[in-house]
Protein chains: 2
Amino acid sequence: MPATIRDVARLAGVSPSTVSRALSMPEMVNAATRVRVAAAVEQLGYQPNRAARGLITGRTGNIGLVVPDLANPFFASVTKGVQARARRSDTAVFVADTDEDVTAEVGLVRALSKQVDGLILCSPRSGDADLSAIAQDTNVVLVNRTAEGIPGITYDNEEGMRQAVAHLVALGHRRLAWVGGPVTSWSTQHRGIGLENAVADHGVELSRVGHFGPTYEGGMAAADQVVASGATAVITYNDLVAIGLLARLHARGISVPGDLSVVGVDDIAMSRMARPALTTVRLPKQEAGRIAVELLLALLDDPDSTVDTRGTLHGELIVRDSTGPAASP
Amino acid sequence: MPATIRDVARLAGVSPSTVSRALSMPEMVNAATRVRVAAAVEQLGYQPNRAARGLITGRTGNIGLVVPDLANPFFASVTKGVQARARRSDTAVFVADTDEDVTAEVGLVRALSKQVDGLILCSPRSGDADLSAIAQDTNVVLVNRTAEGIPGITYDNEEGMRQAVAHLVALGHRRLAWVGGPVTSWSTQHRGIGLENAVADHGVELSRVGHFGPTYEGGMAAADQVVASGATAVITYNDLVAIGLLARLHARGISVPGDLSVVGVDDIAMSRMARPALTTVRLPKQEAGRIAVELLLALLDDPDSTVDTRGTLHGELIVRDSTGPAASP
DNA sequence: ACAGGTACTGCAAAGGATTGCAGTGCGCAT
DNA sequence: ATGCGCACTGCAATCCTTTGCAGTACCTGT
């Protein structure tokens with residue numbers, strides 16, 4: 001039904017080869033012919049069949065994106081970024097949501113990898129071994145995680161934590177608490193390390209209250225331990241956790257920031273709508289998606305380049321109403 | 001590099017045709033041959049090249065999903081539903097985000113339509129004419145909207161509004177306000193109609209305070225007019241708007257639900273985290289995505305069936321803390 | 001013993017685009 | 001006038017799979 005290259009060729013009075021060349025290597029064809037072809041293309045509304053092209057070039061023009069949970073605004077934003085950048089390069093994006101299921105992740109990646117030129121793995125939960133295996137026979141870019149020999153884009157978690165701690169210390173806080181995310185999360189580990197360093201530099205105390213799900217519920221669950229820790233300020237794995245924490249604190253009648261200051265990470269849209277509006281380390285999310293696509297595209301063009309395939313993005317502390325001066329003891 | 005059907009054929013000592021048949025029409029091939037082929041497939045890790053198959057069958061095994069804004073939790077949920085259901089049918093999903101841009105929508109759809117078997121348009125902003133044109137040469141399923149001759153899945157907006165109004169009337173409210181969404185939105189129109197009927201049935205007043213963006217900001221902008229309207233309860237286009245409204249009301253020192261009750265629509269995750277937790281009409285979002293895929297798959301199997309290709313989903317009023325008895329005048 | 005089935009299996013074409021190689025035609029230099 | 005080179009164009013093979021048709025071998029019934 002749709003026009004093929006032969007239809008265009010017939011209409012323009014040339015061979016299919018010429019049409020192909022007129023479109024993809026215009027300098028190789030005579031200017032007069034080129035305009036005839038262009039006219040025929042226009043008239044017929046011809047668009048090359050991607051499957052046929054893919055057969056011969058080995059490239060599909062598609063990439064895959066795997067995220068743990070699309071309903072998490074953080075990943076929704078990254079997805080937007082990926083998608084917008086890919087579109088500019090005429091590349092379509094398959095999106096797959098693993099529902100935070102590690103076992104599903106591996107299978108999904110396998111299935112997807114056959115029909116794309118490359119994969120962007122956003123905050124993969126899989127182990128390093130699985131990741132390496134995947135990267136063996138597929139072009140992979142990691143977001144929010146590093147792994148030996150695989151390009152990727154991450155945030156400078158250490159620096160983000162340093163900003164948060166400096167802010168709290170300046171407000172007079174001396175006893176901080178840290179609510180970690182999933183144990184297997186690369187981000188939670190690095191944020192933990194960054195915190196250690198930051199509190200050491202400032203000579204303040206830090207109590208780690210354990211690992212919780214990266215969700216509202218996780219924050220609710222963490223609240224009581226945070227209060228029990230005696231800290232006057234708490235930093236959480238992400239904003240969702242911070243907002244859950246806020247809710248539980250409110251229910252217990254604990255005032256924020258009067259009794260306790262709260263800092264999140266991510267700056268999702270919800271954070272400025274929280275009450276009190278959340279102080280948080282803003283992570284450029286769409287940016288990460290954009291860069292991931294660029295890394296992948298570069299990798300596709302030159303599969304051997306192993307240098308300079310790592311990107312780091314910086315967070316920015318956004319001070320809102322959930323942090324204030326430390327309560328005098 | 002990856003194994004082809006010829007490799008499998010050679011290893012199994014049969015012709016490619018037989019391999020193809022052993023895989024897709026097993027009853028046509030001898031049991032003994034079948035196991036030999038299966039073994040070869042297993043050993044080589046063979047997976048049919050989708051592009052080559054697509055070339056001959058005319059089917060890609062892919063579908064496209066177009067949403068206005070992935071960062072809106074409503075659409076993120078629908079996307080999750082689409083994605084999960086499609087996976088079960090071994091179908092991959094292209095996701096495209098139009099950023100609420102009507103003109104981008106048409107172009108995007110055109111580009112996408114060439115490489116998928118069908119398209120799911122979620123809350124399309126395009127006009128009916130454009131929609132019909134698209135549906136001419138592409139298989140399309142609509143979500144959150146109806147159009148002549150195009151299958152789709154929608155919510156029973158009238159009934160949802162009826163539930164909300166009944167709830168408020170039972171609490172003693174007699175003067176309601178309605179904050180509409182985008183003028184071109186099919187949903188806002190139908191919710192408006194449902195409201196008219198409901199208030200007429202109950203013999204209460206309704207003031208429409210106009211149309212606002214389907215966002216937090218839209219809600220903030222609407223708040224003052226709602227207050228000025230003298231209503232004791234307000235129903236908003238969606239939860240995002242309701243939450244924005246809540247924020248502005250709080251800033252003005254207006255108590256919810258003491259002075260004013262607020263009802264939203266959607267029941268996004270954020271709504272139960274709002275303060276006060278939002279009373280809202282819960283819409284089954286992932287369900288809509290799931291059904292849209294099923295509708296599309298059915299359409300692909302039988303492109304001529306025009307009957308029974310409409311689905312309607314029902315909302316459920318979730319009563320939380322943002323609604324209470326009407327203030328005595 | 002032979003005709004007619006039955007049950008498999010293989011051949012070859014088709015699907016649309018790309019690309020190495022082989023022309024074709026023209027201009028220019030000698 | 002002839003030869004050479006250049007610029008452009010076309011032929012045909014190729015990518016991988018599916019499928020209509022034809023072929024083979026064996027079996028059944030008479």
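Student: Before we count anything, what are the helices and strands of this predicted model, and how many of them does chain A have?
Tutor: Helices, of at least four residues, and strands, of at least two, are DSSP runs that are numbered from the N terminus. Counted in that way in this predicted model, the elements of chain A come to 13 helices and twelve strands.

Student: Is chain A spread out or a compact globule, given its radius of gyration?
Tutor: The globule rule gives 20 Å for 329 residues, and the radius of gyration of chain A is well over that value, so the chain is more spread out than a compact globule. The C-alpha atoms fill a box of roughly 90 × 35 × 30 Å along the principal axes. The radius of gyration of chain A itself is 25 Å.

Student: Which domains does the assignment give for chain A, and what distance separates the centres of domain 1 and domain 3?
Tutor: The assignment gives domain 1 as residues 5-48, domain 2 as 62-155 + 285-314, and domain 3 as 157-284. Taken over C-alpha atoms, the centres of domain 1 and domain 3 of chain A are separated by 61 Å.

Student: What share of the residues of chain A counts as buried?
Tutor: A residue is called buried when its relative accessible area is under 20%. Chain A exposes about 13,900 Å², of which carbon and sulfur atoms supply 51%. Among its 329 residues, the share that counts as buried is 53%.

Student: Where does A:L297 lie, and is it buried or exposed?
Tutor: A:L297 belongs to helix α13 of chain A, which covers residues 285-301. Leaving aside residues up to four places away in sequence, A:L297 touches A:R85 and A:S89. Its relative accessible area is 18%, and because the cut-off is under 20%, A:L297 is buried.

Student: How far is the C-alpha atom of A:L297 from that of A:V319?
Tutor: Along the chain, A:L297 and A:V319 are 22 residues apart.

Student: Which peptide bond to A:P257 is cis, and where is A:P257 found?
Tutor: Most peptide bonds are trans. A:P257 is found in the loop between α11 (239-251) and β9 (261-266) of chain A, and in chain B a cis peptide bond, with omega about 5°, likewise joins B:V256 and B:P257. In chain A, with omega near 5°, the cis bond is the one from A:V256 to A:P257.

Student: What is the phi of A:S123, and is this residue buried or exposed?
Tutor: Most residues other than glycine have a negative phi. A:S123 is not a glycine, yet its phi is positive, at about 50°, and A:S123 lies in the loop between β3 (118-122) and α7 (128-137) of chain A. B:S123 also has a positive phi of about 50°. At 7% relative accessibility, A:S123 counts as buried.

Student: How far apart in space are A:G258 and A:A327?
Tutor: A:G258 is placed in the loop between α11 and β9 of chain A, and at 38% relative accessibility A:G258 counts as partly exposed. In sequence, A:G258 and A:A327 are 69 residues apart. In space, C-alpha to C-alpha, they are 6.6 Å apart.

Key
Residues are numbered from 1 along each chain as its sequence is written. Chains are lettered from A and ligands numbered from 1 in the order in which they are written. This is a predicted model: local features need pLDDT of at least 70, side-chain atom pairs count only at pLDDT 80 or more; totals for chains, interfaces and linings use all residues. Side-chain values use heavy atoms; hydrogens and water are left out. The radius of gyration is taken over C-alpha atoms; the globule rule is 2.2 Å times the number of residues to the power 0.38. Buried means under 20% relative accessible area, exposed over 50%, partly exposed in between (1.4 Å probe, protein chains only). Accessible areas come from the Shrake-Rupley method with a 1.4 Å probe; for residues, only the protein chains shown count as cover. Contact means heavy atoms within 4.5 Å. Domain bounds come from an automatic or database domain assignment.
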